Amino acid sequence: MSETTPPGWYPAPHAGNELRYWDGAAWHAAPPFLPADAAAVPPAQGPVRAYGPVPPHAPYGAPPAPYGAPPAGYAPYGGPVLAPSAPQGWAVAALVLGIAAFLSAWIPFLGLLIALTGAVIGVIALVRRQRKALAVTGTVLSGLGLAWALIVSISIGSLIWAPSPSYSDPDAGAAPAPEASPSDRGFEPYAPETGPGSLEDPLPLPYMAGPSSRDEYRADVRLVDEDATDEILGWNAYNERDITGMRYVLVEMTVTGLDPEGIEASYASYDLSVATPDGMSYPSAYVVPPDDTTLLVDQGTIAEGETVEGLVAYLVPEDATDLLLSDYANFYAF
């Protein structure tokens with residue numbers, strides 16, 4: 001190259017037209033060599049470009065640059081070229097869905113769907129080597145939400161689709177059936193064999209109930225009907241049960257409260273049973289009365305000095321005669 005060519009970057013003919021620096025006398029390879037005045041040139045502002053400013057044009061008669069090479073006079077400019085950032089969309093989506101799945105896990109089915117989607121997207125983000133912290137956090141949150149949402153969904157589903165019990169009840173809508181009466185079978189009380197209170201010497205009425213320290217109530221009892229089977233069966237259809245070998249007996253009790261704190265009138269119907277001459281006792285039976293008939297069990301609590309009346313039904317053997325009362329410790333005569 002002519003010594004009159006000013007210093008600058010030119011295609012070097014001896015180096016296959018590679019850009020070299022001509023200092024006016026000799027060629028120099030880049031980047032080790034930089035002229036003193038080039039170091040004083042301020043760096044370009046803004047984004048870094050691949051090539052620096054255009055130097056003075058190449059000298060006349062210089063061979064053209066090969067096809068595809070940068071224009072003559074362009075030299076690589078100092079500083080790194082910024083690489084584009086890798087995409088992080090799957091990782092961000094996994095994190096967002098993981099948070100949503102964790103917060104919505106208590107919503108049946110919806111939380112399950114969100115958690116499942118977040119877990120799948122989190123795995124995709126990890127496979128594509130996107131931001132690991134975001135992908136792992138989203139996947140873990142989705143997994144926790146998936147477990148909780150699965151429990152909630154199964155619980156709600158079992159309540160919704162659980163089969164309801166179905167049965168055919170011919171008595172549906174009717175009044176409840178009465179309880180089985182303990183009067184179907186008698187028992188032998190602990191009464192004395194001889195003397196007052198025994199079968200041979202029953203005690204007189206009224207019956208006084210209560211502990212040794214005080215009396216709770218007094219009961220005057222009279223036998224209303226020794227065979228009230230037809231009457232009681234006609235009261236209500238629920239009274240028409242199998243009582244083969246037994247008959248109903250109706251007793252009326254007049255109960256007076258003696259306890260200052262009050263007492264249930266029905267206690268008399270439980271304390272007293274009907275006894276037969278063979279020493280067997282039969283407790284009160286459950287029956288359903290008509291509207292115009294009052295049972296003693298329906299009288300409620302009575303105050304001190306208050307008196308109420310009510311009927312009590314018993315089931316005794318059909319051939320029983322000479323009926324007595326019993327409080328399990330003594331016999332009493334009507």
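Mentor: We'll take the chain overall, then a few parts of it.

Trainee: What kind of model is this?
Mentor: A predicted one.

Trainee: How many helices and strands does the chain have?
Mentor: Six helices and 13 strands.

Trainee: And how much of the chain is buried?
Mentor: Of its 334 residues, 34% count as buried.

Trainee: Which strand does β1 pair with?
Mentor: β2, residues 18-22. Five bridges join the two, and they run antiparallel. Tyr 10 sits opposite Arg 20 of β2.

Trainee: What about the turn?
Mentor: β1 and β2 make a hairpin, with five residues between them. Gly 16 in that turn has a positive phi of about 65°.

Trainee: Switching to helices. Where is Trp 90?
Mentor: In helix α2, residues 89-103.

Trainee: What does Trp 90 touch beyond its sequence neighbours?
Mentor: Leaving out residues within four places, Trp 90 contacts Ile 121, Ile 124, Ala 125, Arg 128 and Gln 130. Its C-alpha is also 7.1 Å from that of Gly 122, 32 residues away along the chain.

Trainee: Which residues of α3 are buried?
Mentor: Gly 111, Ala 115, Gly 118, Ala 119, Ile 121, Gly 122 and Ala 125.

Trainee: What span should α3 have, and what does it have?
Mentor: The helix runs over residues 110-127. Its 18 residues should span 26 Å, and the end C-alpha atoms are 26 Å apart, so the two agree. After α3 comes Arg 129, with a positive phi near 55°.

Trainee: Now the sheets. What is the strand order in the one with β5?
Mentor: β4-β5-β6-β11, an open sheet with antiparallel pairing. β4 and β11 are the edge strands, each pairing on one side only. On average, neighbouring strands are turned by 30° against each other, ignoring direction.

Trainee: How many bridges hold β4 to β5?
Mentor: Three, antiparallel. Met 208 stands opposite Arg 218 in β5.

Trainee: Which residues touch the most others in the largest nonpolar core?
Mentor: Met 253 and Val 255, out of 38 core residues. The elements giving two or more residues to this core are β4, β5, α5, β6 and β11.

Trainee: What is around Met 253?
Mentor: Setting aside residues up to four places away, Met 253 touches a list that includes Val 221, Ala 268, Leu 272, Leu 296, Val 308 and Tyr 314. Asp 220 and Glu 309 are also among its contacts.

Trainee: Last one. What is the order in the sheet with β12?
Mentor: β9-β8-β12-β13, open and antiparallel. β9 and β13 stand at the edges with a single partner each, so one side of each has no neighbour in the sheet.

Trainee: How is β8 joined to β9?
Mentor: By two bridges, running antiparallel. Ala 275 faces Ser 281 of β9 across that pair.

Key
Residues numbered from 1 in each chain as written. Predicted model: local features only at pLDDT ≥ 70, side-chain atom pairs only at ≥ 80, totals over all residues. Heavy atoms only, no water. Helix = DSSP H or I, 4+ residues; strand = E, 2+ residues; numbered from the N terminus. Contact = heavy atoms within 4.5 Å. Expected span 1.5 Å × (residues − 1). Buried < 20%, exposed > 50% of the residue type's maximum accessible area, 1.4 Å probe, protein only. Pairing = 2+ DSSP bridges. Core = buried A, V, L, I, M, F, W, Y, C linked by side-chain atoms within 4.5 Å. Axes fitted to C-alpha atoms, helices over the stretch in contact; angles between N-to-C directions.
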